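I opened the coordinates today and kept a list of what I looked up. The entries follow in the order I made them.

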Amino acid sequence: MHAYDVIVVGGGGAGMAAAIEAADAGARVALLEADTRLGGSTSLSGGVYYAADTSVQRARGISDTAEAMFQYYMTLNQYRVNAALARTLCTQAGPGLEWLVGMGVQFPPDLLYASGVENVPRGHAAAGQGAEIAEVLDREVSRRDIDVVLATRVTSLEVSGGAVCGVRLDDEVVNAGAVVIATGGFGANPYLLHRYYPEAAQQDDKAWYIGSTHCIGDGLMLGEQAGAEIVGHNRGLLLTTPNFRKELEVYVPGWLMYVNREGRRFVNETAEYAVMSGVVQGQTGGSCFAVFDHEALEAAEPDPRYADAFAAGAISLNWVRDELLAQVKSGKVLRADSLDVLERECGIRPGSLRATVAEYNRDVQNGADRAFFKPHDQMRLVTTAPFYAVEIFPAIVCLTSTGLRIDTSARVHNAANEIIPGLFAAGETTGDVLGERYIGGGNSIANAVVFGRIAGAQSASFSLARG
Ligand SMILES: Cc1cc2nc3c(=O)[nH]c(=O)nc-3n(C[C@H](O)[C@H](O)[C@H](O)COP(=O)(O)OP(=O)(O)OC[C@H]3O[C@@H](n4cnc5c(N)ncnc54)[C@H](O)[C@@H]3O)c2cc1C
């Protein structure tokens, strides 16, 4: 007899959801976590959950469907994502949210917002951010007969006759009828970033990871031991940064004018972070420049929307006067008495910046951004010397989404598309659930909860049937 029916490796959002569902299906469950507490990156997150057709939407009078979410998901990703997995995510995201609500997570209707580039609000923000989601799941784990073992990093699976039948801890084998890998992503592992997320790795020392230090890609390595295929190459979510300091930044003011090396604007500078890093990455050199004038610098104040988070030290406000002046001294903000000189210092195509600024200023004066339709009230003239430019890099690694190949039952597959018996996976450690484009804030926690729940239920049923 196995020591456990199901062993879950990794106790973040996906792992805790899996452990709860497996226990509720009648399995004897162990949850092994490398850190000294449960939560992973889930507990550090903003706690936004992306879903359609929810009670929270209905409370706001919003009618929405999983089908519409699926069409949006596939269109934004240009169909370069596993459609069956995307469909499962879209249909189960709503029930997953209600499951969290039923356990006590609060998603206040007034915090619901359009977190992607869709026009239906689907970004459900937990009142207490990711910490609340993790605390509620942790509480539910502790209410059940689940053996939680902390400070225990699993580095090896026990495989027999091609089937996974436990994990190896030092020299001890702990047998189980099924194993769920839920170890999160590999953002904290520079080697794996080079191997699987070169777009992030190419930023060299400018790239840095904001998630749990334990997310070093162990799940990919564990899966490979059993023959799993790794899919969804070069995917994840990067956030843009002026690279002043290695601190999370979420606020980019509308008075910045972005130009690429051709000296052209290429985006509404206030576009959602979900798409911004990809757009910047696509420019010549994979970065761009934020341009502004001296009056803008003198007027740059902390945005009141982020005052609390800033005061709590949760985010960095780069776009404030004192910080910008300090970065002029450090050389990260370039200053020049004319746009022509600024253009030269940035390495922008000669003769282009002055024309782009003139066009932008005309739009500011005429009351409409005719090029990219940025809200006019956020725009400022760029007229008063000295002028400034800061290079913007897509370099903050928020999450990775290259990983183990799974099916809609969270079973792990090998390269021949065969199921690896006894092996299940969920969350950031899996690949091809999230596509090349992050569909909006909440995409990843929805993935963790939806497939975590499926992995828990399916692993329990597999293991109990195996006997
Ligand atoms: C600052 C920040 C803000 C974010 N905001 C949002 C947001 O608002 N909405 C959204 O959708 N996404 C957000 N994300 C991304 C999202 O939080 C994660 O992608 C998601 O929570 C991953 O869940 P997971 O369960 O797969 O992994 P995690 O929550 O990271 O859990 C993985 C767990 O596995 C453990 N582990 C790793 N290796 C081993 C091992 N070998 N043995 C045992 N245990 C191991 C880790 O210690 C960790 O506890 C954010 C991320 C960050 C960093």
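Where is the place of Pro386? I found Pro386 in the loop between helix H15 (353-366) and E15. The model is a predicted one, and I read every entry below with that in mind. I then checked the backbone at this proline: the peptide bond from Ala385 to Pro386 is cis, and its omega is near -5 degrees.

I went on to phi. Asp53 is not a glycine, yet I get a positive phi of about 60 degrees for it. I located Asp53 in the loop between strand E3 (48-50) and helix H3 (55-59). I logged both entries because most residues other than glycine have a negative phi and most peptide bonds are trans.

Strand E6 (residues 156-160) pairs with strand E7 (residues 163-169) in the antiparallel sense, over five bridges.

Domains. I took the bounds from the domain assignment, which gives domain 1 as 4-235 + 401-466 and domain 2 as 238-396. I have 35 Å between the C-alpha centres of domain 1 and domain 2. Domain 1 gives 14 residues to the contact and domain 2 gives twelve residues. I sorted the domain 1 side by class and got seven nonpolar, four polar and three charged residues.

Helix packing. I picked helix H5 (residues 83-103) and helix H16 (residues 443-466), which pack at an angle of about 90 degrees with their axes 9 Å apart. I therefore put H5 down as roughly perpendicular to H16. From H5, the contact is made by Thr88, Leu89, Gln92, Ala93, Gly96, Trp99 and Leu100. From H16, I listed Ala446, Asn447, Val449, Val450 and Arg453. The residues of this contact divide into seven nonpolar, four polar and one charged.

Last, a cross-check of my entries.

How values were computed: Residues are numbered from 1 along each chain as its sequence is written. This is a predicted model: local features need pLDDT of at least 70, side-chain atom pairs count only at pLDDT 80 or more; totals for chains, interfaces and linings use all residues. Axes are lines fitted to C-alpha atoms, for helices over the stretch in contact, and angles run from 0 to 180 degrees between N-to-C directions. Helices (H or I, at least four residues) and strands (E, at least two) are DSSP runs, numbered from the N terminus. Angles under 35 degrees count as roughly parallel, over 145 as roughly antiparallel, 65 to 115 as roughly perpendicular and the rest as oblique. Two residues are in contact if their C-beta atoms, placed from the backbone, lie within 7 Å. Ala, Val, Leu, Ile, Met, Phe, Trp, Tyr, Cys and Pro count as nonpolar, Asp, Glu, Lys and Arg as charged, and the others, Gly among them, as polar. Domain bounds come from an automatic or database domain assignment. Two strands pair if DSSP finds at least two bridges between them.
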